[in-house]
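Subject: Structure handover

Hello,

Here is the structure I promised you. Please open it next to this email and follow along.

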Amino acid sequence: MTYPIARLAGAASLFAYLSAAPALAQAQQTPVAGEQDGKPDPATITVTATRLATDTQKVPATVTVVTDEKMADQLVNDVKDLVRFEPGVSVPRQPARFGAALGTTGRAGNEGFVVRGIGGNRVLIQVDGVRVPDGFTFGAQSVGRGDYVDLGLVKSVEILRGPASALYGSDGLAGAISFTTADPGDFLTRGKSVGGLGRAGYQSSDQEWSETGILAGRSGSWSAMLAYTRRDFAELENQGSVGGSGMSRTKANPQDGEANAVLGRIVYEPGTGHKLRLTGEYLDNHLDSNVLTSVSASVAGTTASDSTKRKRAAFDWTWAGQGAIQRTRLSLYWQQAEDSQFAAEGRTTLADRTRLNTFDNRVFGGSGEIIFGYETGALRHRLIIGADASRTRQEGIRDGTVPPAGETYPTRAFPITDFTLAGLFVSDEISLGPVTLFPALRFDHYALDPKKDAALPAFNSASQSGSRVSPKIGATLALSPDVSLFANYAQGFKAPEPSQVNQFFQNLAFGYRSEPNPNLKPETSRSVEGGIRFGGGGVRMQLTGFHADYDNFISQEVVGGAFTPANPAVYQFINLDEARVNGIEGRVDAQLGRGFSANLAFAYADGDVIRQGVKSSLSTVDPAKIVGGLGYRAPDGGFGGQLTVTHSTRKEASATTGVCTAACYRPDAFTIVDATAFVRLTQGLTLRAGIFNLFDAKYAWWNDVRGLAASSTITDAYTQPGRNGSVSISYRF
């Protein structure tokens, strides 16, 4: 065991001992942490881990559940805030320092999730079971995935670590992030016919004002709700001190943004366990930027206008079942997402130019599953049989004025493509005394069908199809009512994307081109993890170790040519050899009595990637991170607060080999303190406030600066906000 792992494990053991001692002394009168009056708290129930509603302490995987109440108490505004206190998971977001035709730094916003060192499209993100679109980068265009979801409409988030393909198919290579939106019934408790929520908030780090209104009603067997969130914001501040214009500027570039999110849902419950839902969702983000950092001797300035829209319509039917059938679900959906990035660049000597890049996804899909509960002798089963299928049309346009030499606008980076995914799966939960097994098996088929495209007249696209079987087996062993062991083996896969199989671009004047690769293989993963859990006497504790192998990583590489017009260099997406990640994670949540609570979580991992037999560091692995907190909640729930300390170590120099041309910039280790509090002013009316980075530390996250050279003079541009605050007031009725 390396020293960092030993140090972190020792910290967890010491904290567990100190926090468990007083709680165990009152085990008879204190319920398990995460329970209210002996009943499970929503924050302890996961569906994503096994597709069955199960206590997180009883699944053979590592999963975090974040409820809407917890998000409100922590003053979470976006997905980067969501994982603020979640070691082992991060959301990269670089400063906006892009140009019209060159550079993409920061243009993707909240890029997506990195789980145990693996990120991008390799992590499944879904809203109510529907995948959000892929991220995409080409030239000066960069589309992220983290801003496709507005947390104002979400009632819970589940963060599953490790491959999820045995249950969800492609994209579940490294993990799954599942967002669940609210139902009318969430606001119509205790027989109410009308209920809802009103909330307003302000966040100083980006001057964001947000307002949310939710209204729900019930009449007989019918219920409905309408939810709306509005956000107005500016650039995210940093701790840069150099203003003005030009590349030396380290202050954030000025931005002005707005976002609207709407969710409507109608529910019909005719009785006998049947429930039908009709859902409509609309998300619209718009951001204007004045890219002062683009100013140079040849560029007078750049302005940009980017927008992201996502629309979804869905119908689902569930039946509570009877006899051996415990539950049945069927859903159909349509989703359309449109991303547009426009930039206008004024130039001092050459003609001014503009760029308009779009990336659109339209998908039809459906899924269904049946859950059976039965016994075979001494074995108790909860068996799931399910299937899902979707067909996505993916396309993008590259347009503008003054195109590069040899190009004619409009054109595309890849042809319009229909992308089909279909899968069948079976999963079981088999209980025998203290042992519970969780086997699962899934068969997936995928197909890419590119279309003849007038925007790519000289390009011969290639179709591709394939299939994959993904197994998973997990087990838990209850050593006592309070102590259990768990282990899990899972495989994952990621089908090649249309833009990888058929990306096309050529600039013969500069001697290069990109070509399709119809033989591109799916990325695959194999993961083993195991650990020990304790739950009793007001304490929940988990310690996990894991190892993951990733094969056939897809990367765009130079595969031939000499960078001359007569012999152009050829770029192509190919499969690399493999990557490996090892790590250890731990978490302790304890009720200390008299309203006090404490928590500690940590994650440490390292990884490497092998390219054509040469091993180098896997740069996306985050440095070790420890989060500890002390909280208080009055017995009547009238007021409370939390003090949280976060420490991140410095990325080791040996773990950045091959990442940068020379030495990489590695932010110093840092410790920050955050404080949040709430007070219930009257029944249903709650005021919340928080101060973040309480001691005004200057710090930066590794995955935000990854690839930045140590010699850079603009490292302050990548820093996080200094001391900042948030406040919200909400009324639930």
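First, a word on naming: helices (H or I, at least four residues) and strands (E, at least two) are DSSP runs, numbered from the N terminus. With that in hand, Phe-85 is found in the loop between helix H3 (79-82) and strand S6 (89-90). Note that this is a predicted model. I come back to Phe-85 below.

**Overall picture**

The chain holds six helices and 40 strands. A compact globule of 733 residues would have a radius of gyration near 27 Å, and the chain agrees with that, at 26 Å. Along the principal axes, the C-alpha atoms fill a box of roughly 80 × 60 × 55 Å. Of the 733 residues, 55% are buried.

Now the contacts. Take those between residues at least 6 apart in sequence: 68% of them join residues at least 24 apart.

The accessible surface of the chain is about 29,700 Å². Carbon and sulfur atoms account for 58% of that surface. On charge, there are 70 positive and 72 negative side chains. The centres of these two sets lie 1 Å apart.

**Salt bridges**

Side chains of opposite charge can pair when their charged atoms come close. Here the cut-off is a side-chain nitrogen of Lys or Arg within 4 Å of a carboxyl oxygen of Asp or Glu. By that rule there are 52 salt bridges.

Start with Arg-231 and Glu-208. Their closest N and O atoms are 2.8 Å apart. The pair links distant parts of the chain: Arg-231 sits in strand S16 (residues 222-234) and Glu-208 in strand S15 (residues 208-219), 23 residues apart. Are these two buried or exposed? Arg-231 has a relative accessible area of 9%, so it is buried. Glu-208 has 7%, so Glu-208 is buried as well. The cut-off for buried is under 20%.

Next, Glu-281 and Arg-312 form a salt bridge, again with a closest N to O distance of 2.8 Å. Glu-281 lies in strand S18 (residues 274-290) and Arg-312 in strand S19 (residues 299-319), so the bridge ties together parts 31 residues apart in sequence. Both residues are buried.

These two also belong to a network. Salt bridges that share partners join Asp-128, Asp-183, Arg-265, Lys-275, Arg-277, Glu-281, Arg-310, Arg-312 and Asp-316.

Last, Glu-345 pairs with Arg-353, the closest N and O atoms being 2.7 Å apart. Glu-345 and Arg-353 are both buried.

**Two residues and their neighbours**

Back to Phe-85. Its relative accessible area is 14%, so Phe-85 counts as buried. What does Phe-85 touch, not counting residues up to four places away in sequence? The list is Gln-74, Val-627, Thr-644, Thr-646 and Asp-674. Look at Thr-646 in particular. Phe-85 and Thr-646 are 561 residues apart in sequence, yet 7.4 Å apart in space, C-alpha to C-alpha.

Ser-390 is in strand S22 (residues 379-401). At 11% relative accessibility, Ser-390 is buried. Leaving out residues up to four places away in sequence, Ser-390 touches Tyr-333, Val-363, Phe-364, Gly-365, Phe-419, Thr-420 and Leu-421.

**Backbone points to check**

Most residues other than glycine have a negative phi, and most peptide bonds are trans.

- Tyr-409 and Pro-410 are joined by a cis peptide bond, with omega about -5°. Pro-410 lies in the loop between S22 and strand S23 (417-432).
- Arg-116 is not a glycine, but its phi is positive, about 50°. Arg-116 is in the loop between strand S7 (114-115) and strand S8 (123-127). With a relative accessible area of 6%, Arg-116 is buried.
- Asn-693 also has a positive phi, near 55°. Asn-693 lies in the loop between strand S39 (685-692) and helix H6 (702-705). Asn-693 is buried, with a relative accessible area of 2%.

Best wishes

Notes
Residues are numbered from 1 along each chain as its sequence is written. Side-chain values use heavy atoms; hydrogens and water are left out. Buried means under 20% relative accessible area, exposed over 50%, partly exposed in between (1.4 Å probe, protein chains only). The radius of gyration is taken over C-alpha atoms; the globule rule is 2.2 Å times the number of residues to the power 0.38. Contact means heavy atoms within 4.5 Å. Accessible areas come from the Shrake-Rupley method with a 1.4 Å probe; for residues, only the protein chains shown count as cover. Lys and Arg count as positive and Asp and Glu as negative; His and the chain ends are not counted. The place of a charge is taken as NZ of Lys, CZ of Arg, CG of Asp or CD of Glu.
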